Amino acid sequence: LAEGQHWAEAIASFEHALRIEPSSADAYNNLGKVWGAQGNLELAIRNFRAATAADPKHWIAQLNLAKALQAAGKTREAETALREAKRLNPKISAEY
């Protein structure tokens with residue numbers, strides 16, 4: 001849904017998933033991606049943080065958090081998040 005830019009449908013779908021499974025790191029991560037794609041970095045960051053809290057080993061959410069923090073100009077926090085993502089998955093490329 002999100003890929004087709006059906007934002008409202010995507011948000012409703014991921015929020016529904018969270019009502020069913022409130023600790024779904026994937027749903028939080030996907031919701032963060034949708035908010036980020038719309039340019040709402042505050043909500044993107046909030047959801048990526050919720051994803052990493054729900055699953056501290058979710059390296060994709062950690063990487064997405066780093067990218068969103070960087071886009072929001074929060075460089076130090078972004079560097080910390082990126083280090084954690086690379087610790088969780090050493091195969092993350094150096095370009096990030």
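Leaving out residues up to four places away in sequence, which residues does glutamine 62 touch?

## Glutamine 62 and its surroundings

Glutamine 62 touches Thr52, Ala81, Glu84, Ala85 and Leu88, once residues up to four places away in sequence are set aside. Keep in mind that this is a predicted model. Glutamine 62 sits in helix H4. With a relative accessible area of 9%, this glutamine falls under the 20% cut-off, so it counts as buried.

## Helix H4

H4 is 13 residues long, and its first and last C-alpha atoms are 18 Å apart, close to the 18 Å expected at 1.5 Å a residue. Its buried residues are Ala61, Gln62, Leu63, Asn64, Leu65, Ala66, Ala68 and Leu69. As for partners, the buried residues of H4 pack against H2, H3 and H5. After H4 comes glycine 73, which has a positive phi, near 80°.

Neighbours within four places in sequence aside, leucine 65 is in contact with Ile45, Phe48, Arg49 and Ala81.

## The nonpolar core

Now for the core. The largest nonpolar core has 22 residues, and Leu31, Trp35, Leu65 and Leu69 are the ones with the most contacts inside it. Helices H1 (7-20), H2 (25-37), H3 (41-54), H4 and H5 each give two or more residues to this core. H4 provides the largest share, five residues. As a general background, nonpolar side chains tend to be buried together in soluble globular proteins.

## Helix H5, one side and the other

Helix H5 covers residues 75-88. The buried residues here are Ala78, Ala81, Leu82 and Ala85. They cover an arc of only 100° around the axis, which means they are on the same side of H5.

That buried set packs against helix H4 (59-71). Over on the other side of H5, Arg76, Arg83 and Arg87 are exposed.

## Salt bridges

How many salt bridges does the structure hold? There are three salt bridges. One of them pairs glutamate 42 with arginine 46, with the closest N and O atoms 3.1 Å apart. Both residues lie in helix H3, four residues apart, or about one turn of the helix. Glutamate 42 has a relative accessible area of 57%, over the 50% cut-off, so it is exposed. Another bridge joins the side chains of glutamate 84 and arginine 87, at 2.7 Å from N to O. These two belong to helix H5 and are three residues apart, again about one turn of the helix. Glutamate 84 is partly exposed at 24% relative accessibility, while arginine 87 is exposed at 56%.

What about glutamate 77 and arginine 49? Their side chains meet in a salt bridge with an N to O distance of 2.6 Å. This pair links distant parts of the chain, with glutamate 77 in helix H5 and arginine 49 in helix H3, 28 residues apart. Glutamate 77 is partly exposed, at 38% relative accessibility, and arginine 49 is partly exposed as well, with a relative accessible area of 37%.

Key
Residues numbered from 1 in each chain as written. Predicted model: local features only at pLDDT ≥ 70, side-chain atom pairs only at ≥ 80, totals over all residues. Heavy atoms only, no water. Expected span 1.5 Å × (residues − 1). Buried < 20%, exposed > 50% of the residue type's maximum accessible area, 1.4 Å probe, protein only. Arc of directions from axis to C-beta. Contact = heavy atoms within 4.5 Å. Core = buried A, V, L, I, M, F, W, Y, C linked by side-chain atoms within 4.5 Å. Salt bridge = Lys/Arg side-chain N within 4 Å of Asp/Glu carboxyl O.
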